[in-house]
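Dear colleague,

I am passing a structure on to you, and below it I have written down what I found when going through it. Please keep it open beside this message as you read.

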Amino acid sequence: MNKLLIVGTVAFDAIETPFGKTDKILGGAATYIGLSASFFNLQSAIVSVVGDDFPQEHLDLLTSKNIDISGIEIVKGGKTFFWSGLYHNDLNSRDTLVTELNVLADFQPKVPQNYKDADVVMLGNLHPLVQSSVLDQMEKKPKLVVLDTMNFWMDCALAELLDVIKRVDVITINDEEARQLSGEYSLVKAAAKIQDMGPKYVVIKKGEHGALLFHNREVFFAPALPLEEVFDPTGAGDTFAGGFSGFIAQSENISFGNMKNAIIYGSNLASFCVEKFGTERMETLSKAEVAIRLQQFRSLTQFDIEI
């Protein structure tokens with residue numbers, strides 16, 4: 001089976017939305033990416049760090065999904081990264097209430113030896129120097145490197161971010177971040193400028209309004225599935241990234257045409273993530289449910305028209 005290396009946070013979240021609130025629950029970019037990628041026929045491993053306050057049951061959940069956790073460092077006496085956020089009524093905007101880096105502040109990623117030849121590397125949202133460090137440890141050039149980042153790193157580590165962007169094949173960011181990174185309001189112009197920075201493919205996530213894929217002058221748009229209930233958007237972008245990178249790793253096809261399918265698979269899995277708080281929906285999701293909703297995506301975008 002092909003190998004997917006996932007780098008990112010494994011963390012605690014506390015979330016409040018108009019529909020309720022949680023105490024500390026399982027979160028983190030790598031957690032969502034891993035759970036999403038587990039729906040594909042591949043070997044995956046997470047590189048991350050937690051404190052010894054991190055419950056064994058959470059680690060057991062990851063291993064139950066056939067995710068290799070040998071790259072998750074457990075720091076004795078350390079506390080796990082914690083984030084708390086409050087979502088506004090539209091669920092598109094949020095306030096960060098608490099960010100405690102804890103063990104993440106001194107994180108030095110260590111790629112497991114048997115994943116230094118991974119076919120696909122998914123660099124979840126982390127400090128760009130950590131992302132670069134992972135690429136430095138690879139003994140074989142991956143077939144595809146996907147990077148997720150955010151405006152925080154554009155504000156405080158832009159030079160380091162631009163360095164790692166040069167080394168990746170795909171970047172996934174939201175529309176606001178694409179505009180900030182490129183200095184262009186038009187997303188078409190923004191994507192072109194970002195491609196000039198290094199990535200061959202640019203994925204711009206637009207939340208409930210779907211996602212755009214850019215490659216040279218080609219553009220593909222995937223809608224988001226209209227949902228009856230949305231409880232918590234936390235982790236939806238990471239779930240999308242896990243579906244995208246997992247599909248590519250399984251299929252071994254990195255053409256623009258196949259990336260269209262990867263976008264749909266990522267969007268499909270993300271549509272489940274938002275239906276409950278945290279990782280709850282992804283923990284119990286079945287492959288049968290994924291297949292049924294994939295048919296809904298197909299129906300949503302199919303039409304016959306005479307030209």
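Which residues form a nonpolar patch on the surface? The patch is made by Phe303, Ile305 and Ile307, which together have about 470 Å² of accessible area (Shrake-Rupley method with a 1.4 Å probe, where for residues only the protein chains shown count as cover). Patch residues have over 30% relative accessible area and no salt bridge, with like charges joined within 9 Å and nonpolar side chains (Val, Leu, Ile, Met, Phe, Trp, Tyr) within 5 Å; a salt bridge is a side-chain nitrogen of Lys or Arg within 4 Å of a carboxyl oxygen of Asp or Glu. Phe303 is in the segment after α11 (287–301) and is exposed, at a relative accessible area of 63% (exposed is over 50%, buried under 20%, partly exposed in between, with a 1.4 Å probe and protein chains only).

This is a predicted model, in which local features need pLDDT of at least 70 and side-chain atom pairs count only at pLDDT 80 or more, while totals for chains, interfaces and linings use all residues. Residues are numbered from 1 along each chain as its sequence is written, and side-chain values use heavy atoms, leaving out hydrogens and water.

Helices (H or I, at least four residues) and strands (E, at least two) are DSSP runs, numbered from the N terminus. In helix α3 (residues 128–137), the buried residues include Val130 and Leu135.

Two residues other than glycine have a positive phi: Asn102, at about 50°, lies in the loop between β8 (94–100) and β9, whereas Glu252, near 60°, is in the loop between α8 (236–251) and α9. Asn102 is partly exposed at 28% relative accessibility, and Glu252 is exposed at 52%.

Best wishes
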